[in-house]
Amino acid sequence: MKYKPHEYQSYATEFILSHPISAVFLEMGLGKSVITLSAIFDLCLDSFLVCKVLVIAPLRVARDTWPAEINKWDHLKGLSYSVAVGTEKERIDALKKQSTLYIINRENVDWLVHKSGIPFHFDMVVIDELSSFKSYGAKRFKSLLKVRPSVKRIVGLTGTPSSNGLMDLWAEFRILDLGQRLGRYISHYRNTYFKPDKRNAQIIFSYKPLPGAEEEIYKQISDITISMKSTDYLKMPEYVSNEVFVTLSDKEWKVYSEFKEEMVANLGDEEIDAVNAAVLSGKLLQMANGAVYDSENKAHVIHDKKLDALEDLIEGANGKPVLVAYWYKHDLERIKERFPVRQIQSSKDIEAWNDGKIPIAVIHPASAGHGLNLQSGGSTLIWFGLTWSLELYQQTNARLYRQGQKDTVIVHHIITKNTIDEDVLLALTKKEKTQDALIDAVKANLEVMR
């Protein structure tokens, strides 16, 4: 296919070419793969500034999306690649092949650096989903940081740079510029830009930015960072967000509220308890959805209020396909008991959905992420149970809300009133505002090209 880049795509490619270190924050649907591949082609086969490129991506994207993009566009002909996923033997064989571009899934970065026996002779690294390197304690972060000084050029791609707030940015930019802009140590970054927020005596649970810190952080990273929103450059469908509230009965509310206060609940012959705040949060989310696991991983049903609301929403869709996002396994089991659903798991499922052959589909946010196009099969998404992760939340919504969607996208959130559901929805909104502020602060100025 002939590549006719939009102006913003040409701008982003040129930015990568002119910046040996670049953070490119592109929202879903803007074509970050072909933008980056165009730059790689130039660097490797035109200007000869780069010999060997490593692309690190989520598994499905590494296996399917990047190879498909290379094969799709005429202007990339001649760019050889090798996909290093699968068994250890398959990975080693792929890494030993003579190619310009090597593609590996992020889970195998530590293996590549420490266990593969293959010398890390890559002079350019592309991290597709830079946000997956936000944890400085993770093996993948430590391993990539170890070999980072030998890499001449690096590109970080993501649409969700700060899904959990500005603290995420330190690790991401530590990988990119080795600490030049936000510091070499997380402690210095925290002390410079944040102050303790929630704490218990000497234990600090969270931090919040100091006055003016956000603007200063954006300023520090702005010289190597561009950002673009799909709504600025693509014709996007109309988007409608809707909250559907359900209310627990007195009996159901008693179980929930007592468990919240006492961290123990008696359900018939079974006793459910939470040993700490994190477990309590998870159990309360389960209860808000309608069931809760005991210590033996057996689900105990608390209520069916969300199932009833889901039934109303499906009926209200008047035969239009609906995509239902669930979080817990017992959510899926109870949904399956009530409705004739099909899980979106394989390529055949995706094809059937996009062909309009699945009236009710269910999907887990963790498997609904990067590179999954579902916009042809429907335009209604129902969140049966929410997630704290802004990245997973946005990525799941973007399966339907993207370029090529012909109808208004309606995203329903089934919320159990006065429960932790409301806290999660509020947290997602706050995180989204922080991230939007970051993206706006370093937004690409295409006027430079004109």
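Which residue stands opposite Ala23 in S11? Ala23 stands opposite Thr225. The structure is a predicted model, in which local features need pLDDT of at least 70, side-chain atom pairs count only at pLDDT 80 or more, and totals for chains, interfaces and linings use all residues. Residues are numbered from 1 along each chain as its sequence is written, and side-chain values use heavy atoms, with hydrogens and water left out.

Strand S1 spans residues 21-26. Strands (E, at least two residues) and helices (H or I, at least four) are DSSP runs, numbered from the N terminus. Six of the six residues of S1 are buried, so the strand is largely enclosed by the rest of the structure. Buried means under 20% relative accessible area, exposed over 50%, and partly exposed in between (1.4 Å probe, protein chains only). Ile21, Ala23 and Phe25 lie on one side of S1, and Ser22, Val24 and Leu26 on the other. Both faces are covered.

S1 pairs with strand S11 (residues 225-228) in the parallel sense, over four bridges. Pairing requires that DSSP finds at least two bridges between two strands. S1 also runs parallel to strand S6 (residues 153-158), joined by five bridges. Within S6, Thr158 is the bridge partner of Phe25.

Most residues other than glycine have a negative phi. Phe48, however, has a positive phi, near 55°. Phe48 is in the loop between helix H2 (32-46) and strand S2 (53-57). Its relative accessibility is 60%, so Phe48 counts as exposed. Leu178 also has a positive phi, near 60°. The loop between helix H7 (169-177) and helix H8 (186-193) holds Leu178. Leu178 counts as partly exposed because its relative accessibility is 30%.
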